[in-house]
Amino acid sequence: MSASEEDFKSTIAEYLESLPAQFSKRVFSNPAACLAIFRLLSTVGKQLIMSMLYLEHPIKLQEVQQWARPEHQRTVKSKVHQLRKLHILAEDKGHVLLNPIFREQLRNALTGGGDFSSFGIPCNDTRAPVTQVWLAKYAEERWERILHFMVGQSAEAGLALSDSVRGILRTAGLMEDGSEGMRITNRGFQFLLQDAGAQVWTLLLQYLRLAEQQAMDVVEVLNFLFQLVSLQLGRGYSAEALTRNQRRMLGELADFGLMYLDDRGAGRFYPTHMITSLTSAAAGEAERDTRRPGDSGPLTGNDTAVSGRSRTGARAAAKQRSSELLAPSDKGYIIVETNCRVYAYTDSALHIAILNLFVHLVSRFANFVTGVLTRSSVRRALSHGITADQMIAFLSTHAHPQMQGSTPVLPITVTDQIRLWEKEKNSLHPSDAYLYRDFNGRQTFDRVVRYAQELGVILWASTDRLMLVVSRQGHAKIAEYVRVQKQQQQQQ
């Protein structure tokens, strides 16, 4: 059963906003959760919280808005509204104050006070530690196993997924059951286009949704996820003090490559970079506020300058960590010519499998693949729910650096051709319908046609041939109307 568009929580912020106030209080009682939520907020949201973190009394909302320049006061107002929906900020009679529980636990997280076990219990022993390089390779293999399965390459690679992973893919609407097994959906292809951090958040949010359906304690699950996000990469942690649900979560998260369970001894696990970098990656996305280049930020004062310097340092550190973990094949590797020929400089079976969804592959070498965008290959992808815009976005996102300097990135002839093939396929839409003919006369036919037009169920009509086609929804009413007309004619 795939999630509907309405109740699908696309971001962790939306999920937190949907939690009742009493649930939020329990979440905020965990210092690690407060720190993780704080790191997920935008720059303006962080500045507002830090400015009020040590205020014990409410402050007027007008004064908070005056912290910003006049042209940015609307932005600050919207961020205050967002913090209120997250139950981080409380407003009463024009005054605002941080949630006292969140304020206390965030202080503890920043100063090292309170229950420090919420950040995990490190293991100290003399055994050889698991290196970060090995963890990165382990996480990449586990994660690519899922992506291979989504693009239909699991059989060739000899891969198998656990039932929990399959269930999450199905519940998230990323895959659906077909006549030949599970197959990727339109939303699944969008998932493949996302970066790894967004992909992980998507599956974690669906994991929370499944936890609700299985009557698990959602707050316990959410707090444990925030705890795992806050752990240190490359360090082992003890699982002896974890609850049964938390131990179960470790095993299921290990299937995604987010955790490594050390089989050398019971009760030890290692977080991988795919989960420890979630808040920093999401925070980087959240920092993209609407401000001009060179603008120091919406808020005035020294806090902005300090925040800017720390943000620059954090970006540099994150970039350095990413460069150590990312493979060269993660850069742009696709070249598209005006004649729809595609060249991919990659040896990744996953990249090739994704291309094979909508490109007709012609030849393959050690680190080089050639193919062509054909009418049949594009129509095959369209029949699986993949749109023309998604194909174009994928090719543009993974375009070779030599193509990235062009505007537009892809040749216009190629993008136009893909969209024309989509319009061609969508020009006809099969639907169930009912044909009415052999009317007693033109007068009876006209009355039935007028009635069908009033109902809005008419699909086609021919006055010369006295034939009428109506939709399946209107068939019952039209049939009853025709029956009544025949009875009236017989009585006359």
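Are tyrosine 343 and phenylalanine 368 buried or exposed? Tyrosine 343 is buried, as is phenylalanine 368, where buried denotes under 20% relative accessible area, exposed over 50% and partly exposed in between (1.4 Å probe, protein chains only). The model is predicted: local features need pLDDT of at least 70, side-chain atom pairs count only at pLDDT 80 or more, and totals for chains, interfaces and linings use all residues. Residues are numbered from 1 along each chain as its sequence is written, and side-chain values use heavy atoms, with hydrogens and water left out.

Rings of Phe, Tyr and Trp (its six-membered ring) pair if their centres lie within 6.5 Å; planes under 30 degrees apart are stacked, over 60 edge-to-face and the rest tilted. The count under this rule is 13 aromatic pairs. In one of them, tyrosine 343 and phenylalanine 368 are stacked, at 6.0 Å centre to centre with 10° between the planes. Phenylalanine 439 and phenylalanine 445 form an edge-to-face pair, with centres 5.2 Å apart and planes at 75°. Phenylalanine 439 counts as buried because its relative accessibility is 14%; phenylalanine 445, at 0%, is also buried.

A nonpolar core is a set of buried Ala, Val, Leu, Ile, Met, Phe, Trp, Tyr and Cys residues joined through side-chain atoms within 4.5 Å. The largest comprises 130 residues, and Ile88, Leu169, Phe226, Phe358 and Leu373 have the most contacts inside it. Apart from this core lies another, of 11 residues, including Phe439, Val449, Ala452 and Val457.
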